[in-house]
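Please read them alongside the coordinates.

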Amino acid sequence: SMESKLATNELYQSKGNGYLEAAHDNPPYKRIESILMKAFIDMPKMATPSLEGPRSERIYELRSYESATEQLYVNKVDMFNAGGEVPLFDDLGFNAVFYGEVLSGANMPNLMYMTTHENEEAQTANWKAFVDSPVWNKLKVRPEYQNNVSKNTKYMLYPTDYSDY
């Protein structure tokens with residue numbers, strides 16, 4: 001019923017007009033892809049970002065970590081959960097929206113997660129803190145977690161006028 005509700009929602013229709021009424025020669029996207037995910041045990045529900053800066057400066061960072069095999073993929077998910085990456089992101093203020101195991105979609109086997117940042121400077125500072133973290137530097141060299149990511153894809157996203165957050 002979501003489609004019919006959005007079709008009659010005046011705010012959605014007015015704020016999303018540029019997207020909804022885009023011309024054929026200037027579409028707002030290349031393709032739409034659907035992905036079905038299962039939440040990580042360390043973050044079983046999505047979270048609303050707690051950002052206070054101007055909406056126009058916010059950054060949403062969506063990452064996909066692909067693995068060469070299913071076994072290595074399970075190992076990378078374990079590195080986030082039991083290994084401690086999820087709590088580390090929390091401790092460093094990454095404002096995670098979700099962490100998910102991809103059950104169906106492109107580029108499998110892979111996991112995806114989304115973090116949010118007040119602005120570009122905060123995003124850069126958060127990643128510097130992550131790379132410099134003693135927790136990360138101990139975790140990344142553990143023998144059981146070697147070679148579990150074959151490709152890391154990063155998408156930088158920004159809220160629109162009609163986005164909730």
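1. The structure holds 18 aromatic pairs; rings of Phe, Tyr and Trp (its six-membered ring) pair if their centres lie within 6.5 Å, with planes under 30 degrees apart counted as stacked, over 60 as edge-to-face and the rest as tilted. This is a predicted model, in which local features need pLDDT of at least 70 and side-chain atom pairs count only at pLDDT 80 or more, while totals for chains, interfaces and linings use all residues. Residues are numbered from 1 along each chain as its sequence is written, and side-chain values use heavy atoms, with hydrogens and water left out.

2. Tyr 19 and Tyr 29 form a tilted pair, because their ring centres are 6.0 Å apart and their planes lie at 45 degrees. Tyr 19 belongs to helix H3 (residues 17–20), and Tyr 29 to the loop between H3 and strand E1 (36–39); helices (H or I, at least four residues) and strands (E, at least two) are DSSP runs, numbered from the N terminus. Tyr 19 is partly exposed at 33% relative accessible area, as is Tyr 29 at 38%. Buried means under 20%, exposed over 50% and partly exposed in between (1.4 Å probe, protein chains only).

3. Trp 127 and Phe 130 make an edge-to-face pair, 5.2 Å centre to centre with 75 degrees between the planes. Both lie in H6, 3 residues apart, about one turn of the helix. They also belong to one aromatic cluster, whose members include Phe 80, Phe 89, Tyr 99 and Tyr 113.

4. The buried residues of H6 are Gln 123, Asn 126, Trp 127 and Phe 130. They sit on the same side of H6, because they cover an arc of only 95 degrees around the axis, taken from the directions from the helix axis to the C-beta atoms. Glu 121 and Lys 128, on the other side, are exposed.

5. The largest nonpolar core has 20 residues, and Phe 80, Phe 89, Tyr 99, Leu 111 and Tyr 113 have the most contacts inside it. Such a core is a set of buried Ala, Val, Leu, Ile, Met, Phe, Trp, Tyr and Cys residues joined through side-chain atoms within 4.5 Å. H4 gives the largest share, 4 residues.

6. Ser 67, in the loop between E2 and H4, counts as buried because its relative accessibility is 7%. A polar atom of the Ser 67 side chain lies 2.6 Å from the backbone oxygen of Asn 148.

Definitions and conventions. A polar contact is a pair of N or O atoms within 3.5 Å; within protein, one must be able to donate a hydrogen and the other to accept it, and residues adjacent in sequence count only if both atoms are side-chain atoms.
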